[in-house]
Amino acid sequence: MTEHLHFPALLRMIDERSAAFRAAVAAAPSLDADVPSCPGWTLYDLANHLSEGDRFWAYIVRNTAPGDERPSKDGLAAPREREALIAWLADSTEQLLTALREAGPDRGCWAWWEPLASLHTVAAAARRRVPESLIHTYDAQLASGTPQELPTIEAVDAIEEFLATVCTVTVPWPGEPATMDYHAAEAGSWRQTVDAAGSRFTRLTAAEAAESKPTAAIYGTASEMALLMYMRIPAGSLRMEGDADLLQRLQNWG
């Protein structure tokens, strides 16, 4: 799955998940409701965070180039009245989508990750915003008491984007070389390898997945796998084989 070819789909995913986030905000009993998956945050704090991120990345794709210094966030606070907050969230998303469309997928921009499996491009920035909207919509639904399974297409891309952007690094792994296989029931399998050269991933064919002997392996749905990667559900809720401590070591290393 290349960043360029599915750029329009990424924009659609951001738009749809942002709308789902606003629906969760509208349905919540209060903007002061606690967000169980984000300890110490209220639903308002979560909404402020997501809208700030949309506006921040809109600025980045319009005004930065690869290698620039990290830009400063504008620090604008979202309004605290619910109707005004929902309008603010919609405007934040529209600012992001407009900036992404106008820049196009191939333009370079600043990014915080190493430009290895995920480049410093507008397409990669758009792809990074999809799981932000996806996972925080789940967080908002938890706060409103109505958590839903993640949509499969978005969850699958969130898994691979996480491995490409967050987990592909040249920072040396501090332990013995290891491999972790992730098996999503409806979406295929991936392998993360960690060693002195850092961390990288590959997609596994069905044959490779069946014959592989990794250090550890995790099995679940795409939704469960994405939620696990973002530490929204405990590892014990999924089936694991092999070294049961490897996932915790990977998360601690992160």
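## The buried side of helix α8

In helix α8 (residues 246-253), the buried residues are L246, L247 and L250. Around the helix axis they cover an arc of only 100°, so they sit on the same side of α8. Keep in mind as you explore that this is a predicted model.

What covers these buried residues? The cover includes the strands β1 (178-184), β2 (188-195), β4 (216-220) and β5 (239-242), together with helix α7.

## Helix α7 meets helix α5

Helix α7 (residues 222-229) also has a partner in helix α5 (residues 152-166): their axes come within 8 Å and cross at roughly 40°. Angles under 35 degrees would count as roughly parallel, so α5 and α7 are instead described as oblique to each other. Their crossing is left-handed.

Which residues make this contact? From α5 come T152, A155, V156, A158, I159, F162 and L163, and they meet A222, S223, M225, A226 and M229 of α7.

Is M231 buried or exposed? With a relative accessibility of 55%, M231 counts as exposed, because the cut-off for that word is over 50%.

## Helix α2 and its two partners

Now turn to helix α2 (residues 43-63), starting with its contact with helix α4 (residues 122-144). The axes of α2 and α4 come within 10 Å and cross at roughly 170°. Angles over 145 degrees count as roughly antiparallel, and α2 and α4 are therefore roughly antiparallel to each other. On the α2 side, the contact is made by L43, L46, H49, L50, G53, D54, W57 and V61, while α4 brings V122, A125, R129, E132, S133, H136, D139, A140 and A143. These residues divide into 9 nonpolar, 4 polar and 4 charged.

How does α2 pack against α3? Here the angle is about 25°, and the axes are 8 Å apart. This makes α2 and α3 roughly parallel to each other, because their angle is under 35 degrees. The crossing of α2 past α3 is left-handed. In this contact the residues divide into 12 nonpolar, 5 polar and 5 charged.

S133 belongs to helix α4, and it is one of the α4 residues in the contact with α2. Is S133 buried or exposed? Its relative accessibility is 0%, so S133 counts as buried. If you leave aside the neighbours within four places in sequence, S133 is in contact with I14, R17, S18 and L50. L50 is also among the α2 residues listed for the contact with α4.

T98 lies in helix α3 (residues 82-103). Its relative accessibility is 23%, so T98 counts as partly exposed. How far is T98 from A26? The two residues are 72 residues apart along the chain, and their C-alpha atoms are separated by 24 Å.

Methods. Residues numbered from 1 in each chain as written. Predicted model: local features only at pLDDT ≥ 70, side-chain atom pairs only at ≥ 80, totals over all residues. Heavy atoms only, no water. Axes fitted to C-alpha atoms, helices over the stretch in contact; angles between N-to-C directions. Helix = DSSP H or I, 4+ residues; strand = E, 2+ residues; numbered from the N terminus. Parallel < 35°, antiparallel > 145°, perpendicular 65-115°, else oblique. Left-handed = near helix turned anticlockwise from the far one by under 90°. Contact = heavy atoms within 4.5 Å. Buried < 20%, exposed > 50% of the residue type's maximum accessible area, 1.4 Å probe, protein only. Arc of directions from axis to C-beta. Nonpolar A, V, L, I, M, F, W, Y, C, P; charged D, E, K, R; others polar.
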